[in-house]
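Student: I have a new structure open and would like to walk through it with you. Could we take it step by step?

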Amino acid sequence: MILSRRLMMGISEVPVGQVQFLTSGSFSWVVPANVKRVSVVVVGGGGASGDSGAGWAGAGGGGGGLSWQNDISVSPGETLTVVVGAGGIDPGGTAGESNINRSATFLVRASGGAGGSSTAAQVNGGLGGTLLVGSGGGSGGQGGRTGSNTGGGAGGGAGGYSGNGGNGGAGNADALPGTAGTGGAGGGGEGSTAGSRGGGGVGLQGEGTSGAYGALNGGSGGSNGVLATTSSQITGGVYGGGGGAEEDDTIITGTRGGGGAVRIIWGTARSFPSTGTADQ
């Protein structure tokens with residue numbers, strides 16, 4: 001076995017690795033041996049859509065915010081707390097935030113999207129989550145609005161690495177169209193007479209192509225939102241897409257947003273938004 005020159009000189013190699021947390025909840029993470037710097041991306045959950053039925057369609061949920069931070073100083077063996085935000089619970093539930101913290105001091109933090117309204121009045125959908133602590137990222141898109149005798153509001157897209165998620169559309173045949181994502185964000189879902197679509201999620205491998213508006217709305221490798229058809233359905237794309245609402249004639253309790261996520265990477269020349277951020 002041939003040892004590197006650094007090891008022969010008694011200098012430890014800088015390790016390379018990554019870990020991700022994809023299930024909602026609070027977790028303890030122990031920093032591996034010889035790891036003294038990490039880079040982190042967090043995505044908040046997507047908000048839930050509002051109720052539909054009796055002539056009124058609910059509003060869409062807002063997309064989760066995204067935040068990243070590079071070169072965070074850590075100590076091998078120390079324990080950090082990782083929090084992954086859940087998608088909003090229908091009807092109209094606000095999603096949970098995602099963060100990584102040291103004894104309640106936030107190192108990186110992004111909020112979840114707000115839920116969409118079920119009120120029988122024409123109001124806009126839930127606001128997207130935002131970057132709370134970090135040096136880069138973007139806000140989630142806003143959900144599409146409520147409507148009378150029309151299609152529901154679609155979900156907002158999750159925030160991107162250098163831009164914001166797209167807004168959800170609304171109305172029969174997408175009469176009130178939304179927008180695409182920017183900076184690697186998820187795009188908004190489109191409004192539809194047959195049930196509106198959830199917003200696109202965002203991937204964790206670093207900034208990639210932004211999600212389009214409509215069906216192919218996942219950004220940076222995140223999944224696309226899906227059409228709302230049943231109560232308690234998860235329609236927001238992972239990670240962080242807002243939930244889309246059903247049309248006005250179908251009585252359902254809304255749909256849920258996509259869950260949040262946290263990813264930690266370490267090693268030489270690895271930093272967000274896109275330098276060596278793929279798995280190694």
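Student: To start with, is arginine 102 buried, partly exposed or exposed?

Tutor: Bearing in mind that this is a predicted model, arginine 102 counts as partly exposed, with a relative accessibility of 28%.

Student: Which side chain does arginine 102 meet in a salt bridge?

Tutor: Arginine 102 meets the side chain of glutamate 78, with 3.0 Å from N to O. Glutamate 78 lies in the loop between β5 and β6, while arginine 102 belongs to strand β7 (residues 98-102), so the pair ties together parts 24 residues apart in sequence. Glutamate 78 itself counts as buried, at 18% relative accessibility.

Student: How many salt bridges does the count come to?

Tutor: The count comes to six. Among them is the one between aspartate 279 and arginine 263, at 2.9 Å from N to O, which links the segment after β12 with strand β12 across 16 residues. Arginine 263 counts as buried, its relative accessibility being 1%.

Student: Changing topic, which residues have the most contacts inside the largest nonpolar core?

Tutor: They are Trp29, Val38, Val40, Val82, Ile100, Val262 and Ile264, in a core of 19 residues. Two or more residues each come from β3 (37-43), β6 (79-84), β8 (105-110) and β12 (261-266). Apart from this core lies another, of 12 residues, including Val41, Trp68, Ala261 and Ile265.

Student: And what is valine 262 in contact with, leaving aside neighbours within four places in sequence?

Tutor: Its contacts include Val19, Phe21, Val40, Val82 and Val84, and also Gln20, Ser98 and Asn99.

How values were computed:
Residues numbered from 1 in each chain as written. Predicted model: local features only at pLDDT ≥ 70, side-chain atom pairs only at ≥ 80, totals over all residues. Heavy atoms only, no water. Core = buried A, V, L, I, M, F, W, Y, C linked by side-chain atoms within 4.5 Å. Buried < 20%, exposed > 50% of the residue type's maximum accessible area, 1.4 Å probe, protein only. Helix = DSSP H or I, 4+ residues; strand = E, 2+ residues; numbered from the N terminus. Contact = heavy atoms within 4.5 Å. Salt bridge = Lys/Arg side-chain N within 4 Å of Asp/Glu carboxyl O.
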